[in-house]
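Student: Please take a close look at a single part of this structure, the interface between its chains, and describe it in one connected account.

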There are 2 protein chains.
Amino acid sequence: MKKSRHPTVLTISELAGVSPSTVSRALNDDARISQEVRAKVQRIAKEQGYTPNALARSLVSRTSGVVGLVLGNLSNPFYAELAEIIHARIAPMGKRLMLLHIGGEQLDMESMQTVFQYQMDGCIVTSASMSSKVAEICERYRLPMVMINRVAQLHSCAVSCHNYDGGYWIADALLAAGHRKLAAVGGRPNTSTSQNREAGFLECMSQRGVEPWARYCGHSTYDGGYKAGCELLAAAEHPDGIFAINDIMALGVLDAAREFGIKVPDEISVVGFDDIRAASWAGYNLTTIAQPVEAMVERSLDLLFARMSDPTLAGEEHYIRGEFRIRGTARLGSELVLAGREARRE
Amino acid sequence: MKKSRHPTVLTISELAGVSPSTVSRALNDDARISQEVRAKVQRIAKEQGYTPNALARSLVSRTSGVVGLVLGNLSNPFYAELAEIIHARIAPMGKRLMLLHIGGEQLDMESMQTVFQYQMDGCIVTSASMSSKVAEICERYRLPMVMINRVAQLHSCAVSCHNYDGGYWIADALLAAGHRKLAAVGGRPNTSTSQNREAGFLECMSQRGVEPWARYCGHSTYDGGYKAGCELLAAAEHPDGIFAINDIMALGVLDAAREFGIKVPDEISVVGFDDIRAASWAGYNLTTIAQPVEAMVERSLDLLFARMSDPTLAGEEHYIRGEFRIRGTARLGSELVLAGREARRE
DNA sequence: CTGAAAGCGCTTACAG
DNA sequence: CTGAAAGCGCTTACAG
């Protein structure tokens, strides 16, 4: 008798009096195996507490059932929510998630190595400054990958919110409500999300012939937003509206306004982007544009799975429209917000 | 010539004119292989862009280099921060993290199955209502595992903050500052974290002969905290101090107070627990006890790695003292806070 | 419907 | 210092 390890196909085959091949087939519900044998094998497997060794199976089947995940900075709750939804959606599809990276810094090559070492089936990248080099690697090795909340590089797949439109829409709604001194607080400058949202915002202002009051960089963090807010509000004359390109910075701006005793939205309107949970907290009640996270994840997984079955498929870029969440931090005529819907598409 | 797949040890061995065994040894820096051969093999491997197949290696070495991770509810930023730190600490140790579960709900058996399917080396569990059944499984299969922020079950390892002491300490400091109408807002009732913090808080009050003003359940969420705050403050006579057993609920309580126009800390003191990032936001400036997350993770990994090399090691429970963060939401005489340090240990 | 054989890519005693 | 052989646990053509 073997040293008592976990049971293997061999163990089961001996117990059932059939060959290992048959055990394998029976366990994988191969239609060719007779009902009786199949039932018997499955019963014995269950009795023995048999668990298939995914490593061995992957080695031969050349598909590991593992998908790599690159997560952005979790201190922005948006990415935490995204992670939760990705996991919830992908688990029922029989795939496992392996964490490649968490955080704001550059993704290193070593993490990408593990993708190949562990023979991952694909890769999901949420933000994180991804050098085009990584996209290139995935391309070269035909590794299916999709980026969420990030613009496509090379021929990869990417799913985002209509960021440009969102920014445009916000400017439109603020201008229509009479604001004329509008400031923008951008995020990390090298991120497409930040760039596009701000570009849409500025473009709309430019079309309406309104000069931007000021532009700040808030580095996509609460602290950055707070600091930007303080500087904007400390001046003798302050803007009458601020667009922070993400919610976490908008919360900082709101706290700055609170600090300066400036009434929101009477003296100043503040609008964010993302609709993180904290945006709807009673203490903030932030007007913002909600990213359609569920839809974005669903679309991303569709793209990814399609490429896992057919790696020759070309990359696709998808944009999904966000939804205005009108709360208490901005003066916007509701009919004007509707007009905003006509903002030009990306 | 083989179909052009990724290079394997065989490819390299042919190119280098040595046996596969030698390639394997050279690549793993086996001291017995001569300098020249080793250098040559490594050079060729690099030239060919060789990446070892971790699956094949794991199959024979019986250690996969993968650690399973069970994450609590990421909508509580505490768990997001924890995840980030765990990843940052474990990656340099050459282990990979596979996501088993994210969220507040019960961990299902299926997720645990994958631990064995993928031959994981160990498992890290952060909160999440873990049935004792899961602990039992790890025990039975000798799977090294450590729980963070969670009390030990059976003989498993567990690392937490001194939760009981923290609660005691807070009550002590509030009472010493003259509060007499103290309410507690608990989290999900079945979590040890919530139970212990509240128990310490109540025990101290009892020792001082002060009756608790009220006890609420806030389900460990912002909304729950906000609701609890509203109910406590809507009454004709309201408490003069509230201890929310975690920060995310304390923020809800603070927003409720703001809503009711009740001055913090003049009319009411509010204290939380965890020291999540939002606790130090200008809009809250919450007095709380910081969990020593870095230290907790470090200790947890020590325990885990020790058991990965020697699975027979017994379980250990560790408690690490938190740190009072005195900010703006509570009246506490600083000398009294120091006295609080003497609160009894768990 | 079932089995014997080969093989996925690596490592590791066992020889020499 | 190096190689031939066996094996990790599974699946999958190939026969029958």
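Tutor: The following account concerns the side of one chain that touches the other. This is a predicted model, in which local features need pLDDT of at least 70 and side-chain atom pairs count only at pLDDT 80 or more, while totals for chains, interfaces and linings use all residues. Residues are numbered from 1 along each chain as its sequence is written, chains are lettered from A and ligands numbered from 1 in the order in which they are written, and side-chain values use heavy atoms, with hydrogens and water left out.

In this model, 50 residues of chain B are in contact with 50 residues of chain A, contact being heavy atoms within 4.5 Å. Together the two chains bury about 4600 Å², 66% of it on carbon and sulfur atoms; buried area is the accessible area (1.4 Å probe) that two parts lose on being put together, summed over both. Within chain B, the most area is lost to chain A by B:Leu55, B:Tyr118 and B:Trp281, together 15% of what that side buries.

Between chain B and chain A there are zero salt bridges, a salt bridge being a side-chain nitrogen of Lys or Arg within 4 Å of a carboxyl oxygen of Asp or Glu. The elements of chain B that each supply at least two residues to the side touching chain A include helix 4 (54-61), strand 1 (66-71) and strand 2 (96-102); helices (H or I, at least four residues) and strands (E, at least two) are DSSP runs, numbered from the N terminus. Strand 2 of chain B gives the most to that side, with seven residues.
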